[in-house]
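I opened the notebook to go through one model from the whole chain down to single residues. The entries below are kept in that order.

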Amino acid sequence: MDPFALNEEAARAWLTELVVAYEVDVSFGGDSVLVSPDSPLIGMAWSPREPGEEDGAFLLVKGAQAARVIDKPKEMAISFEFVDDGDEGVYRWLLDISAPSPLKLGTLTEAMAVLGEPAPGGTSVEIAVAILREAAQQANHRVHQLSDYVEAKTQQGGN
(Lines give C-alpha, C1' and ligand atoms only; values in the text may rest on other atoms or scores of the structure.)
Protein backbone atom coordinates (compact mmCIF):
# COMPACT_ATOMS: atom_id res chain seq x y z
CA MET A 1 0.00 0.00 0.00
CA ASP A 2 1.26 3.48 -0.86
CA PRO A 3 1.77 5.87 2.07
CA PHE A 4 0.56 8.93 0.09
CA ALA A 5 -2.99 8.79 -1.24
CA LEU A 6 -4.88 11.49 -3.10
CA ASN A 7 -8.63 11.57 -2.52
CA GLU A 8 -9.64 13.07 -5.86
CA GLU A 9 -13.28 13.62 -4.89
CA ALA A 10 -12.27 15.53 -1.76
CA ALA A 11 -9.60 17.37 -3.78
CA ARG A 12 -12.15 18.61 -6.32
CA ALA A 13 -14.51 19.78 -3.56
CA TRP A 14 -11.67 21.54 -1.69
CA LEU A 15 -10.36 23.14 -4.88
CA THR A 16 -13.84 24.29 -5.90
CA GLU A 17 -14.17 26.05 -2.53
CA LEU A 18 -10.81 27.73 -3.08
CA VAL A 19 -11.76 28.86 -6.59
CA VAL A 20 -15.11 30.25 -5.43
CA ALA A 21 -13.49 32.05 -2.49
CA TYR A 22 -10.83 33.54 -4.76
CA GLU A 23 -13.36 34.66 -7.38
CA VAL A 24 -15.61 36.24 -4.70
CA ASP A 25 -12.60 38.08 -3.29
CA VAL A 26 -11.59 39.36 -6.73
CA SER A 27 -15.15 40.39 -7.56
CA PHE A 28 -15.91 42.16 -4.31
CA GLY A 29 -12.45 43.11 -3.05
CA GLY A 30 -12.95 41.39 0.30
CA ASP A 31 -11.11 38.84 2.37
CA SER A 32 -12.73 35.43 2.20
CA VAL A 33 -13.06 33.45 5.40
CA LEU A 34 -12.45 30.23 3.43
CA VAL A 35 -8.94 31.19 2.38
CA SER A 36 -6.05 31.35 4.84
CA PRO A 37 -2.82 33.20 4.12
CA ASP A 38 -1.24 29.81 3.36
CA SER A 39 -3.96 28.78 0.91
CA PRO A 40 -3.16 28.75 -2.77
CA LEU A 41 -4.76 31.60 -4.70
CA ILE A 42 -6.50 29.56 -7.36
CA GLY A 43 -9.04 31.26 -9.56
CA MET A 44 -10.88 30.06 -12.62
CA ALA A 45 -8.03 31.19 -14.88
CA TRP A 46 -5.18 29.90 -12.69
CA SER A 47 -2.22 28.64 -14.67
CA PRO A 48 0.66 27.41 -12.51
CA ARG A 49 3.05 27.41 -15.47
CA GLU A 50 2.88 31.19 -15.84
CA PRO A 51 5.75 33.27 -14.45
CA GLY A 52 5.04 34.34 -10.89
CA GLU A 53 2.64 31.46 -10.17
CA GLU A 54 5.25 29.08 -8.78
CA ASP A 55 4.24 29.79 -5.19
CA GLY A 56 0.71 28.70 -6.03
CA ALA A 57 1.86 25.17 -6.84
CA PHE A 58 3.93 25.05 -3.62
CA LEU A 59 0.97 26.27 -1.53
CA LEU A 60 -1.40 23.90 -3.35
CA VAL A 61 0.60 20.83 -2.36
CA LYS A 62 1.22 22.07 1.18
CA GLY A 63 -2.46 22.99 1.64
CA ALA A 64 -3.69 19.67 0.25
CA GLN A 65 -1.68 17.80 2.86
CA ALA A 66 -2.88 20.10 5.66
CA ALA A 67 -6.51 19.65 4.50
CA ARG A 68 -5.93 15.87 4.31
CA VAL A 69 -6.85 15.86 0.64
CA ILE A 70 -3.53 14.03 0.31
CA ASP A 71 -3.39 11.51 3.11
CA LYS A 72 0.14 10.84 4.30
CA PRO A 73 2.17 9.52 7.21
CA LYS A 74 2.70 12.18 9.89
CA GLU A 75 6.48 11.86 9.62
CA MET A 76 6.52 12.57 5.87
CA ALA A 77 5.59 15.42 3.55
CA ILE A 78 5.96 16.14 -0.14
CA SER A 79 6.72 19.61 -1.42
CA PHE A 80 7.06 21.39 -4.73
CA GLU A 81 10.22 23.32 -5.51
CA PHE A 82 10.57 25.74 -8.42
CA VAL A 83 14.06 26.34 -9.77
CA ASP A 84 14.65 29.44 -11.89
CA ASP A 85 16.93 28.30 -14.69
CA GLY A 86 16.91 31.64 -16.50
CA ASP A 87 14.43 30.30 -19.03
CA GLU A 88 10.90 29.01 -18.31
CA GLY A 89 12.01 27.32 -15.11
CA VAL A 90 12.02 23.77 -13.87
CA TYR A 91 10.55 22.06 -10.83
CA ARG A 92 11.16 19.06 -8.68
CA TRP A 93 9.48 17.22 -5.84
CA LEU A 94 11.03 16.93 -2.39
CA LEU A 95 10.09 14.17 0.02
CA ASP A 96 10.77 15.27 3.59
CA ILE A 97 11.07 12.54 6.19
CA SER A 98 11.26 13.77 9.78
CA ALA A 99 11.45 10.46 11.67
CA PRO A 100 13.16 8.28 12.64
CA SER A 101 15.92 10.54 11.28
CA PRO A 102 15.59 13.65 9.09
CA LEU A 103 16.06 12.99 5.38
CA LYS A 104 15.16 14.88 2.21
CA LEU A 105 14.90 13.11 -1.14
CA GLY A 106 14.46 15.00 -4.40
CA THR A 107 13.43 14.07 -7.89
CA LEU A 108 15.16 15.08 -11.07
CA THR A 109 13.92 18.39 -12.44
CA GLU A 110 11.16 18.68 -15.03
CA ALA A 111 10.32 21.60 -17.30
CA MET A 112 7.53 23.82 -15.95
CA ALA A 113 5.78 23.30 -19.28
CA VAL A 114 4.74 19.79 -18.19
CA LEU A 115 3.44 20.72 -14.72
CA GLY A 116 -0.19 19.72 -14.36
CA GLU A 117 -0.32 17.55 -17.48
CA PRO A 118 -2.51 15.86 -18.47
CA ALA A 119 -5.47 17.83 -17.20
CA PRO A 120 -8.68 17.02 -19.06
CA GLY A 121 -10.49 20.19 -20.04
CA GLY A 122 -7.61 22.34 -18.80
CA THR A 123 -9.66 23.97 -16.00
CA SER A 124 -7.80 25.25 -12.97
CA VAL A 125 -9.38 22.54 -10.80
CA GLU A 126 -8.32 19.77 -13.20
CA ILE A 127 -4.79 21.20 -13.49
CA ALA A 128 -4.57 21.35 -9.68
CA VAL A 129 -5.82 17.75 -9.35
CA ALA A 130 -3.19 16.65 -11.90
CA ILE A 131 -0.49 18.41 -9.83
CA LEU A 132 -1.72 16.77 -6.63
CA ARG A 133 -1.84 13.38 -8.36
CA GLU A 134 1.76 13.87 -9.51
CA ALA A 135 2.81 14.94 -6.01
CA ALA A 136 1.37 11.78 -4.44
CA GLN A 137 2.85 9.55 -7.15
CA GLN A 138 6.30 11.11 -6.83
CA ALA A 139 6.19 10.85 -3.03
CA ASN A 140 5.28 7.18 -3.23
CA HIS A 141 7.96 6.56 -5.83
CA ARG A 142 10.61 8.11 -3.55
CA VAL A 143 9.38 6.06 -0.57
CA HIS A 144 9.61 2.85 -2.62
CA GLN A 145 13.08 3.76 -3.91
CA LEU A 146 14.28 4.39 -0.37
CA SER A 147 12.75 1.14 0.84
CA ASP A 148 14.40 -0.80 -2.02
CA TYR A 149 17.73 0.85 -1.23
CA VAL A 150 17.54 0.03 2.49
CA GLU A 151 16.50 -3.55 1.74
CA ALA A 152 19.36 -4.06 -0.74
CA LYS A 153 21.87 -2.49 1.65
CA THR A 154 20.64 -4.72 4.49
CA GLN A 155 20.94 -7.85 2.34
CA GLN A 156 24.52 -6.87 1.50
CA GLY A 157 25.31 -6.67 5.19
CA GLY A 158 25.46 -2.87 5.34
CA ASN A 159 24.07 -0.70 8.11
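What percentage of the 159 residues in the protein is buried? I find that buried residues make up 38% of the 159, where buried means under 20% relative accessible area, exposed over 50% and partly exposed in between, with a 1.4 Å probe and protein chains only.

Notes on the source. I am working with a predicted model, in which local features need pLDDT of at least 70, side-chain atom pairs count only at pLDDT 80 or more, and totals for chains, interfaces and linings use all residues. I number residues from 1 along each chain as its sequence is written, and side-chain values use heavy atoms, with hydrogens and water left out.

Overall layout. I looked up the secondary structure and found three helices and six strands, in the order β-α-α-β-β-β-β-β-α along the sequence. Helices (H or I, at least four residues) and strands (E, at least two) are DSSP runs, numbered from the N terminus. I noted a box of roughly 65 × 35 × 25 Å for the C-alpha atoms, taken along the principal axes.

Contacts and charge. Contact here means heavy atoms within 4.5 Å. Of the contacts between residues at least 6 apart in sequence, 52% join residues at least 24 apart. I counted 11 positive and 26 negative side chains, with the centres of the two sets 9 Å apart. Lys and Arg count as positive and Asp and Glu as negative, while His and the chain ends are not counted; the charge is placed at NZ of Lys, CZ of Arg, CG of Asp or CD of Glu.

Helix packing. I looked up helix 2 (residues 54-66) against helix 3 (residues 124-155): the angle is about 70 degrees and the axes lie 10 Å apart. Axes are lines fitted to C-alpha atoms, for helices over the stretch in contact, and angles run from 0 to 180 degrees between N-to-C directions. The two helices are therefore roughly perpendicular, a label for 65 to 115 degrees. L60, V61 and A64 of helix 2 meet A128, I131, L132 and A135 of helix 3 in this contact.

Two residues of helix 3. A136 lies in helix 3 and is buried, at 4% relative accessible area. Leaving aside neighbours within four places in sequence, A136 contacts F4 and L6. The C-alpha atoms of A136 and F4 are 5.4 Å apart, although 132 residues separate the two along the chain. N140 is also in helix 3 and is buried, at 7%. With the neighbours within four places again left aside, N140 contacts D2, P3 and F4.

How values were computed: Angles under 35 degrees count as roughly parallel, over 145 as roughly antiparallel, 65 to 115 as roughly perpendicular and the rest as oblique.
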